[in-house]
2 protein chains.
Amino acid sequence: MHATTIHAAGDIRFEEVPDPQLKRPTDAIVKVTAGCICGSDLWPYRGENRIRPGATIGHECVGVVEEVGSEVRDIRAGDFVVVPFCHCDNTCAHCRAGVHSACVNLGGTTSGQAEYARVGQADGSLVRTEAPADDDALLASLLALSDVMPTGWHAAVAAGVKPGDTAVVVGDGAVGLCGVIAASMLGAERIIAMSRHEPRQELARAFGATHVVAARGEEGVAEVRELTDGIGADAVLECVGTNDAMTTAIGVARPGGGVGFVGVPHGIELPVRTLFERNIGLRGGIAPVRRYLPELLTAVQERRIEPGRVFDLALPLAEVADGYRAMDERRAIKVLLRP
Amino acid sequence: MHATTIHAAGDIRFEEVPDPQLKRPTDAIVKVTAGCICGSDLWPYRGENRIRPGATIGHECVGVVEEVGSEVRDIRAGDFVVVPFCHCDNTCAHCRAGVHSACVNLGGTTSGQAEYARVGQADGSLVRTEAPADDDALLASLLALSDVMPTGWHAAVAAGVKPGDTAVVVGDGAVGLCGVIAASMLGAERIIAMSRHEPRQELARAFGATHVVAARGEEGVAEVRELTDGIGADAVLECVGTNDAMTTAIGVARPGGGVGFVGVPHGIELPVRTLFERNIGLRGGIAPVRRYLPELLTAVQERRIEPGRVFDLALPLAEVADGYRAMDERRAIKVLLRP
């Protein structure tokens, strides 16, 4: 098949690789209907993470089950499925506790930006739904369920957003924008999106943001404090992963507030004294996608949310390298790829 | 009056100081019935915090209101009151949000180990109750409500202890022991107290601990993991404030678990990657004592809890220096002082 591979920083190729095979009896092979590029794929693309030259890249997709292993019971060939970026058995103690990202049988999609993907723990991981025939908007929203929407949701849940709250979203990438949707679904009354980019500000407003703060750093913190009568926000979604973003997130939280963080931490130093003195809670991590999928899938199906709008560029899979460039240069929020 | 003063590390004196005066119309003067020494008083005693030579020390007491300022409405001379270690107006936005320790009118007791204490924001801070005539055990439990019991409770609330949970308490000081009481009140099914000292282990069991782990560091973490079938604890109460204690607390938490920390942080470096990878929540800080007082006072009055048992040494106030030595040398868990 053809798949996306990374050979070095900035070196994305679309090339022939061996077809994925069932390795375990709990595996499934999925023919990809649509895949996409994740903000976290940009870390290796920018040389910030180690690269194994020639490795396939990509971990989000939706598609049609092609083949299942001998122990797969619920999922069948022909099913249209959402593929969560982390695979889990949905039965172990950690899954039962809602922390599917710590599943004892955890695995990851080997090739989400490809013609086919291998999925481990197919019964536990995959969620079946009706194929969105000729409905590109619905397809995009289903694809968003494989990672960014549940990750934004996780930020909001981890931050503890409650009805009536003031929530701040730090980060205007696809996850941050989905965090705005999540804060809105959870009943936040005021949602302040911190964003400098006009198209993203617009989307944030469309998703439910009531205020936009374009300033960053101390100035941004001061603006949020002013908007909140000097009190600060009840809940803050940190959707970037840098020390600046975390500093801002903690800075805008009110005493007793919560920060939910889902950006993979890069260079963050947590100020334990500040957290202590202001009683600010911190919780986050890799989203337990499978836990949230049923609820979010229903919201998408009922057209209550449209997370697929974060895809502002769709490309043929063969042009994946252009997609990476567009996201790296912030010309695109998120790129959808169709084989 | 006579009060306890600190002049240098290890130099505690009981000496004549000016009587406290009403400074603001919202103040009250309380004649101390009983005060005590806090684990946090040992930081300056051991030279770990800066000292202003001759300053009074102590911030926990119960007593009888002697005099109130002109704007005090609810509290009257003659009332027997519990004095929370931090004073608050109980009406500002932060108090209304339950974060009394961030009150915009925050203040602290100027002399808890003395004959008299000045209390700010008397109406907001003080909680009136019946004087415990001739009942030393009740007096001790009421005194524990001024700091250690609400602080242990805050650790349990911040850790998110729920009915059926497995909770671990790191630290066997008075706060840790009160944390055991709190975890039990909040319905934890298994409570693992980490303690090396037999009298404290016994008290922990009396307070509801179902297991005691004497080992520390990696060995202690391994023992807790074994006790929890390799899963870890749902909620962990960090009641020390050192990096070792925090490392242990995070190490014994299950993925998705919560760590509540109430020990004043000294030298803690938070491992953000570990928190992220294991989705461990962290929350804590200075306890909003006033928020918890009504509920905990009822529990004490109904004899459902006996936090006063943490006082294993009672001394005349004049012998306060001996009390510091006893706590410093870990001969006493907590020392009660009677003028």
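1. In what order do the three strands of the open sheet in chain B come? They run S2-S1-S4, with antiparallel pairing. Here, strands pair if DSSP finds at least two bridges between them. Strands (E, at least two residues) and helices (H or I, at least four residues) are DSSP runs, numbered from the N terminus. The edges belong to S2 (11-16) and S4 (55-56) of chain B, each with a single partner strand, so one side of each has no neighbour in the sheet.

2. A quick word on the model before going on. It is a predicted one, where local features need pLDDT of at least 70 and side-chain atom pairs count only at pLDDT 80 or more, while totals for chains, interfaces and linings use all residues. Residues are numbered from 1 along each chain as its sequence is written, and chains are lettered from A and ligands numbered from 1 in the order in which they are written.

3. Back to the chain B sheet. S1 (residues 2-8) and S2 of chain B are joined in the antiparallel sense over six bridges, and B:Ala3 sits opposite B:Glu15 of S2(B). Helix H12 (residues 320-328) of chain B lies across S1 and S2 of chain B, running at about 160° to S2(B). For that angle, axes are lines fitted to C-alpha atoms, for helices over the stretch in contact, and angles run from 0 to 180 degrees between N-to-C directions.

4. Have a look at B:Thr4, which lies in strand S1 of chain B. Is B:Thr4 buried or exposed? B:Thr4 counts as buried because it has 27 C-beta neighbours inside 10 Å. (The cut-offs: buried means 20 or more other C-beta atoms within 10 Å of the residue's own, exposed means 12 or fewer, and partly exposed is in between, with C-beta atoms placed from the backbone.) Leaving out residues up to four places away in sequence, B:Thr4 touches several residues, including B:Ile12, B:Phe14, B:Gln113 and B:Val320. A contact means C-beta atoms, placed from the backbone, within 7 Å. B:Thr4 and B:Gln113 are 109 residues apart in sequence, yet 5.6 Å apart in space, C-alpha to C-alpha.

5. Chain A has an open sheet of three strands too, in the order S2-S1-S4 and antiparallel. S1 (residues 2-8) of chain A pairs with S4(A) over two bridges, and A:Ile6 stands opposite A:Ala55 in S4(A). Elsewhere in chain A, strand S3 (residues 28-36) and S9(A) are antiparallel partners over four bridges, with A:Ala117 of S9(A) as the bridge partner of A:Val30.

6. S9 (residues 116-119) of chain A is a handy one for seeing which way residues point. In a regular strand the side chains alternate between the two faces of the sheet. In S9(A), A:Tyr116 and A:Arg118 point one way, A:Ala117 and A:Val119 point the other way, and all are buried.

7. Now for helix H11 (residues 289-301) of chain B, where B:Ala299 lies. At 1.5 Å a residue, the 13 residues of H11(B) should span 18 Å, and the end C-alpha atoms are 17 Å apart, which agrees. (The expected span is 1.5 Å times one less than the number of residues.) H11(B) bends by about 35° at B:Glu295, where the bend is the angle between axes fitted to the seven residues ending there and the seven starting there. Just after H11(B), B:Arg303 takes a positive phi of about 60°.

8. Which residues of H11(B) are buried? Among them are B:Tyr292, B:Leu293, B:Leu296 and B:Val300. The buried residues of H11(B) pack against several elements of chain B, including helix H4 (136-144) and helix H5 (148-159). B:Ala299 is partly exposed, because it has 19 other C-beta atoms within 10 Å. Not counting residues up to four places away in sequence, B:Ala299 touches B:Met185, B:Arg304 and B:Ile305.

9. Finally, the two chains together. Chain B can be laid on chain A with an RMSD of 0.0 Å by a turn of 180° and a shift of 0.0 Å along the axis. That is the relation of a two-fold axis. (Copies are superposed by least squares on the C-alpha atoms of residues with pLDDT of at least 70 in both.) In chain B, the C-alpha nearest the axis belongs to B:Leu282, 2.6 Å from it.

10. Where the chains meet, 26 residues of chain B are in contact with 26 residues of chain A. H10(B) gives the most to the side of chain B that touches chain A, with five residues.

Technical notes:
Two residues are in contact if their C-beta atoms, placed from the backbone, lie within 7 Å.
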